[in-house]
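Hi,

Here is the structure I promised to pass on to you. Have a look at it first, and then read my notes below.

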Amino acid sequence: MHVLIVDNGSRYLTQLKHVFAKDQVEAINWKKVGSKVARDTDLVVLSGGHSFSVVDHPEKWKNEVAFIRKCKKPIIGICLGFELISYAYGSTLKRMKNKEKGTIQITMGTKKFHVFENHRWVVEKTGPKLLSLAQSKDGVEAIRHRKKPIYGFQFHPEMFVRKTDGKRLFSQVIRTIKGK
(Lines give C-alpha, C1' and ligand atoms only; values in the text may rest on other atoms or scores of the structure.)
Protein backbone atom coordinates (compact mmCIF):
# COMPACT_ATOMS: atom_id res chain seq x y z
CA MET A 1 0.00 0.00 0.00
CA HIS A 2 1.27 3.49 -0.82
CA VAL A 3 0.71 5.83 2.14
CA LEU A 4 1.04 9.59 1.93
CA ILE A 5 1.61 11.25 5.30
CA VAL A 6 0.87 14.96 5.39
CA ASP A 7 3.12 16.21 8.17
CA ASN A 8 1.32 18.98 10.00
CA GLY A 9 4.28 19.51 12.32
CA SER A 10 3.89 16.29 14.27
CA ARG A 11 6.16 15.44 17.17
CA TYR A 12 5.32 11.80 16.48
CA LEU A 13 6.21 11.51 12.77
CA THR A 14 8.74 8.71 13.38
CA GLN A 15 6.14 6.68 15.29
CA LEU A 16 3.57 7.30 12.57
CA LYS A 17 5.96 6.11 9.85
CA HIS A 18 6.65 3.01 11.95
CA VAL A 19 2.93 2.10 11.85
CA PHE A 20 3.29 1.73 8.08
CA ALA A 21 6.73 0.04 8.10
CA LYS A 22 5.52 -2.67 5.69
CA ASP A 23 4.09 -0.13 3.24
CA GLN A 24 5.55 2.40 0.84
CA VAL A 25 5.48 5.66 2.82
CA GLU A 26 5.97 9.18 1.58
CA ALA A 27 5.81 12.18 3.91
CA ILE A 28 5.27 15.74 2.73
CA ASN A 29 5.06 19.05 4.54
CA TRP A 30 1.51 20.37 4.98
CA LYS A 31 2.40 23.47 2.97
CA LYS A 32 2.81 21.29 -0.16
CA VAL A 33 -0.71 19.83 -0.09
CA GLY A 34 -2.57 20.16 -3.37
CA SER A 35 -5.04 18.25 -5.51
CA LYS A 36 -2.35 16.23 -7.34
CA VAL A 37 -0.25 15.05 -4.38
CA ALA A 38 -2.42 12.01 -3.67
CA ARG A 39 -2.80 10.83 -7.27
CA ASP A 40 -0.83 7.56 -6.82
CA THR A 41 -1.69 7.09 -3.15
CA ASP A 42 -3.82 4.40 -1.52
CA LEU A 43 -4.19 6.21 1.81
CA VAL A 44 -3.61 9.76 3.04
CA VAL A 45 -2.77 10.26 6.73
CA LEU A 46 -3.01 13.77 8.15
CA SER A 47 -0.67 13.95 11.13
CA GLY A 48 -1.02 15.87 14.33
CA GLY A 49 0.74 19.16 14.84
CA HIS A 50 1.51 21.68 17.52
CA SER A 51 2.09 25.07 15.90
CA PHE A 52 -1.17 26.51 14.60
CA SER A 53 -4.76 25.73 15.54
CA VAL A 54 -7.33 25.38 12.78
CA VAL A 55 -9.84 27.76 14.36
CA ASP A 56 -7.37 30.59 14.97
CA HIS A 57 -5.51 30.20 11.65
CA PRO A 58 -8.01 29.21 8.92
CA GLU A 59 -6.01 31.01 6.22
CA LYS A 60 -2.92 28.86 6.93
CA TRP A 61 -4.95 25.66 6.60
CA LYS A 62 -7.19 26.61 3.66
CA ASN A 63 -5.29 24.43 1.14
CA GLU A 64 -5.40 21.36 3.37
CA VAL A 65 -9.10 21.91 4.15
CA ALA A 66 -9.83 22.18 0.40
CA PHE A 67 -7.75 19.03 -0.17
CA ILE A 68 -9.77 17.14 2.45
CA ARG A 69 -13.04 18.14 0.82
CA LYS A 70 -11.91 17.22 -2.72
CA CYS A 71 -9.74 14.14 -2.11
CA LYS A 72 -11.09 10.89 -3.55
CA LYS A 73 -8.65 8.70 -1.60
CA PRO A 74 -9.18 7.31 1.92
CA ILE A 75 -8.03 9.72 4.65
CA ILE A 76 -7.20 9.21 8.30
CA GLY A 77 -6.68 12.31 10.44
CA ILE A 78 -4.87 12.25 13.76
CA CYS A 79 -5.18 15.02 16.38
CA LEU A 80 -4.73 18.18 14.27
CA GLY A 81 -5.60 16.06 11.20
CA PHE A 82 -8.82 15.07 12.99
CA GLU A 83 -9.51 18.73 13.76
CA LEU A 84 -8.89 19.69 10.10
CA ILE A 85 -11.36 17.03 8.89
CA SER A 86 -13.86 18.15 11.51
CA TYR A 87 -13.44 21.79 10.53
CA ALA A 88 -13.71 20.97 6.80
CA TYR A 89 -17.09 19.34 7.41
CA GLY A 90 -18.63 21.94 9.72
CA SER A 91 -17.95 20.59 13.19
CA THR A 92 -17.75 22.83 16.26
CA LEU A 93 -14.24 23.02 17.76
CA LYS A 94 -13.50 24.52 21.17
CA ARG A 95 -10.25 25.36 22.95
CA MET A 96 -9.86 23.51 26.25
CA LYS A 97 -8.94 25.38 29.43
CA ASN A 98 -6.08 22.95 30.02
CA LYS A 99 -4.06 20.87 27.61
CA GLU A 100 -4.88 17.14 27.68
CA LYS A 101 -1.76 14.96 27.69
CA GLY A 102 -1.57 11.35 28.75
CA THR A 103 -3.81 8.32 28.80
CA ILE A 104 -7.57 8.85 28.93
CA GLN A 105 -10.63 6.64 28.63
CA ILE A 106 -12.92 6.88 25.62
CA THR A 107 -16.26 5.20 24.97
CA MET A 108 -17.16 3.63 21.64
CA GLY A 109 -20.69 2.25 21.75
CA THR A 110 -20.79 0.17 24.91
CA LYS A 111 -17.04 -0.47 25.00
CA LYS A 112 -14.39 1.51 26.82
CA PHE A 113 -10.83 1.98 25.59
CA HIS A 114 -7.71 3.75 26.82
CA VAL A 115 -5.81 5.99 24.41
CA PHE A 116 -2.93 8.49 24.47
CA GLU A 117 -3.81 12.15 23.94
CA ASN A 118 -1.83 15.34 23.51
CA HIS A 119 -4.05 18.27 22.47
CA ARG A 120 -5.80 21.45 23.57
CA TRP A 121 -8.78 21.51 21.17
CA VAL A 122 -11.93 19.38 21.23
CA VAL A 123 -14.77 18.73 18.84
CA GLU A 124 -17.94 19.53 20.76
CA LYS A 125 -20.34 18.65 17.97
CA THR A 126 -19.77 16.98 14.60
CA GLY A 127 -20.93 18.50 11.35
CA PRO A 128 -23.84 16.87 9.49
CA LYS A 129 -21.59 14.87 7.13
CA LEU A 130 -19.68 13.23 10.00
CA LEU A 131 -20.57 10.53 12.50
CA SER A 132 -19.17 10.51 16.02
CA LEU A 133 -17.75 7.05 16.76
CA ALA A 134 -16.22 7.64 20.20
CA GLN A 135 -16.41 10.17 23.01
CA SER A 136 -14.51 11.09 26.17
CA LYS A 137 -15.12 13.44 29.05
CA ASP A 138 -13.83 16.22 26.77
CA GLY A 139 -15.82 15.63 23.57
CA VAL A 140 -15.73 13.65 20.33
CA GLU A 141 -12.70 11.35 20.00
CA ALA A 142 -13.26 9.49 16.72
CA ILE A 143 -15.24 10.28 13.59
CA ARG A 144 -16.08 8.89 10.19
CA HIS A 145 -17.53 10.61 7.15
CA ARG A 146 -21.03 9.36 6.32
CA LYS A 147 -20.24 8.63 2.65
CA LYS A 148 -16.49 8.93 2.04
CA PRO A 149 -13.68 6.73 3.44
CA ILE A 150 -12.57 9.45 5.85
CA TYR A 151 -11.80 8.74 9.51
CA GLY A 152 -10.31 10.77 12.33
CA PHE A 153 -8.92 10.28 15.81
CA GLN A 154 -8.49 13.10 18.33
CA PHE A 155 -6.05 10.84 20.15
CA HIS A 156 -2.66 9.54 18.94
CA PRO A 157 -3.02 5.88 17.90
CA GLU A 158 0.55 5.91 16.59
CA MET A 159 1.78 6.21 20.18
CA PHE A 160 1.98 2.66 21.46
CA VAL A 161 1.83 3.60 25.10
CA ARG A 162 1.59 0.63 27.43
CA LYS A 163 -1.95 -0.46 28.28
CA THR A 164 -3.58 1.67 25.59
CA ASP A 165 -5.85 0.54 22.74
CA GLY A 166 -4.94 3.14 20.10
CA LYS A 167 -2.89 0.74 17.97
CA ARG A 168 -5.76 -1.78 17.84
CA LEU A 169 -8.34 0.90 16.91
CA PHE A 170 -6.00 2.31 14.25
CA SER A 171 -5.43 -1.17 12.79
CA GLN A 172 -9.17 -1.79 12.57
CA VAL A 173 -9.68 1.39 10.55
CA ILE A 174 -6.77 0.51 8.23
CA ARG A 175 -8.24 -3.00 7.67
CA THR A 176 -11.63 -1.41 6.89
CA ILE A 177 -10.00 0.90 4.34
CA LYS A 178 -8.12 -2.02 2.76
CA GLY A 179 -11.38 -3.98 2.60
CA LYS A 180 -10.14 -6.85 4.78
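Let's begin with Phe20, which counts as buried at 1% relative accessibility. Please keep in mind that this is a predicted model. Phe170 is buried as well, with a relative accessible area of 1%.

How are the rings of Phe20 and Phe170 arranged? Their centres are 6.0 Å apart and their planes stand at 75°, so the pair is edge-to-face (the cut-off for that is over 60 degrees). This pair links distant parts of the chain: Phe20 is in the loop between α1 and β2 (24–29), while Phe170 is in helix α4 (residues 166–178), 150 residues apart. Both rings also belong to one aromatic cluster, formed by Phe20, Phe153, Phe155 and Phe170.

Next, have a look at helix α4 itself. With 13 residues at 1.5 Å a residue, α4 should span 18 Å, and this agrees with its end C-alpha atoms, which are 18 Å apart. Which residues of α4 are buried? They are Gly166, Leu169, Phe170, Val173, Ile174 and Ile177. These residues cover an arc of only 135° around the axis, which puts them on the same side of α4. Among the elements that cover them are α1, β3 (43–46), β4 (75–78), β5, β6 and β9 (150–153). After α4 comes Gly179, which has a positive phi, near 80°.

Aromatic pairs turn up elsewhere too: the structure holds 5 of them. One of these joins Tyr12 and Phe116, edge-to-face, with 6.1 Å from centre to centre and 80° between the planes. Tyr12 lies in the loop between β1 (2–7) and α1 (13–19), and Phe116 in strand β6 (residues 111–125), so this pair ties together parts that are 104 residues apart in sequence. Are Tyr12 and Phe116 buried or exposed? Tyr12 is buried, and Phe116 is too.

Strand β5 (residues 92–108) pairs with β6 in the antiparallel sense, over 13 bridges. Within this pairing, Thr107 stands opposite Lys112 in β6. The hairpin of β5 and β6 has 2 residues between the strands, and there Gly109 takes a positive phi near 65°.

One last thing to find on screen is a charge and a ring: the charged end of Lys60 sits over the ring of Phe52, 4.4 Å from the centre of that ring.

Enjoy exploring, and write back with any questions!

Best wishes

Notes. Residues numbered from 1 in each chain as written. Predicted model: local features only at pLDDT ≥ 70, side-chain atom pairs only at ≥ 80, totals over all residues. Heavy atoms only, no water. Phe/Tyr/Trp six-rings, centres within 6.5 Å; stacked < 30°, edge-to-face > 60°. Helix = DSSP H or I, 4+ residues; strand = E, 2+ residues; numbered from the N terminus. Buried < 20%, exposed > 50% of the residue type's maximum accessible area, 1.4 Å probe, protein only. Lys NZ or Arg CZ within 6 Å of the ring centre and 35° of its normal. Pairing = 2+ DSSP bridges. Expected span 1.5 Å × (residues − 1). Arc of directions from axis to C-beta. Contact = heavy atoms within 4.5 Å.
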